[in-house]
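Colleague: Could you take one part of this model and walk me through its surroundings in detail, giving the cut-offs as you go?

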Amino acid sequence: MDEFLSVAIEEAKIGLDEGGIPIGSVLVMDNKIVARGHNKRVQKGSSVLHAEMDCLENGGRFKASEYQQATLYSTLSPCDMCSGAVLLYGISKIVIGENHTFKGPEEYLKSRGVNIINLDNEVCKNLMEQFIADKPLLWNEDIGE
């Protein structure tokens, strides 16, 4: 398994253990993790702390040129909000664990030059499928439905 996706999965499991939604993310620059995070909407009572947003927040400030060379890993296809952050900061590559349980605006991101790689990871799928089955109302809230 991809080493960076493994860390994103660790983050997703931390979120689940905290009573939240099992989605994790890491930001990689120069083949090193510079930030990591997980969905904290439930834990923090937040409207915006999806995994990718938490990861970017935890990373702090970077130069535009650094973001342009970065890769964002997420256990799940990023939503519209998180995709907007990717475009805003010029992150050029996203590696996702899966997009079976949820698919964000991947085609739009691609049309804007973002390289998207879907690893179609079974662990990521299983985490989300189980969570959605166990807590469908919370899941629908997270994706705005």
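Modeller: Gly59 is found in helix H3, where helices (H or I, at least four residues) and strands (E, at least two) are DSSP runs, numbered from the N terminus. The model is predicted, so local features need pLDDT of at least 70 and side-chain atom pairs count only at pLDDT 80 or more, whereas totals for chains, interfaces and linings use all residues. Residues are numbered from 1 along each chain as its sequence is written, and side-chain values use heavy atoms, with hydrogens and water left out.

Gly59 is buried, with a relative accessible area of 18%; buried means under 20% relative accessible area, exposed over 50%, and partly exposed in between, with a 1.4 Å probe and protein chains only. Gly59 touches Val34 and Ala35, when residues up to four places away in sequence are not counted, and contact here means heavy atoms within 4.5 Å. Between the C-alpha atoms of Gly59 and Ala35, which are 24 residues apart along the chain, the separation is 4.5 Å. After H3 comes Gly60, whose phi is positive, near 75°.

Turning to the helix as a whole, the buried residues of H3 (51-59) are Ala51, Glu52, Asp54, Cys55, Leu56 and Gly59. They pack against strand E1 (24-29), strand E2 (32-38), helix H4 (64-68), E3 and H5.

On a 1 Å grid over the protein atoms alone, a cavity is a set of points where a 1.4 Å probe fits but cannot get out, and lining residues have an atom within 4 Å of a point. The largest cavity is lined by 14 residues, of which Ile23, His50, Leu76, Ser77 and Cys79 lie nearest its centre.

Notes. 1 Å grid on protein atoms, 1.4 Å probe; cavity = no way out; pocket = protein on both sides within 12 Å on 5 of 7 lines; lining within 4 Å.
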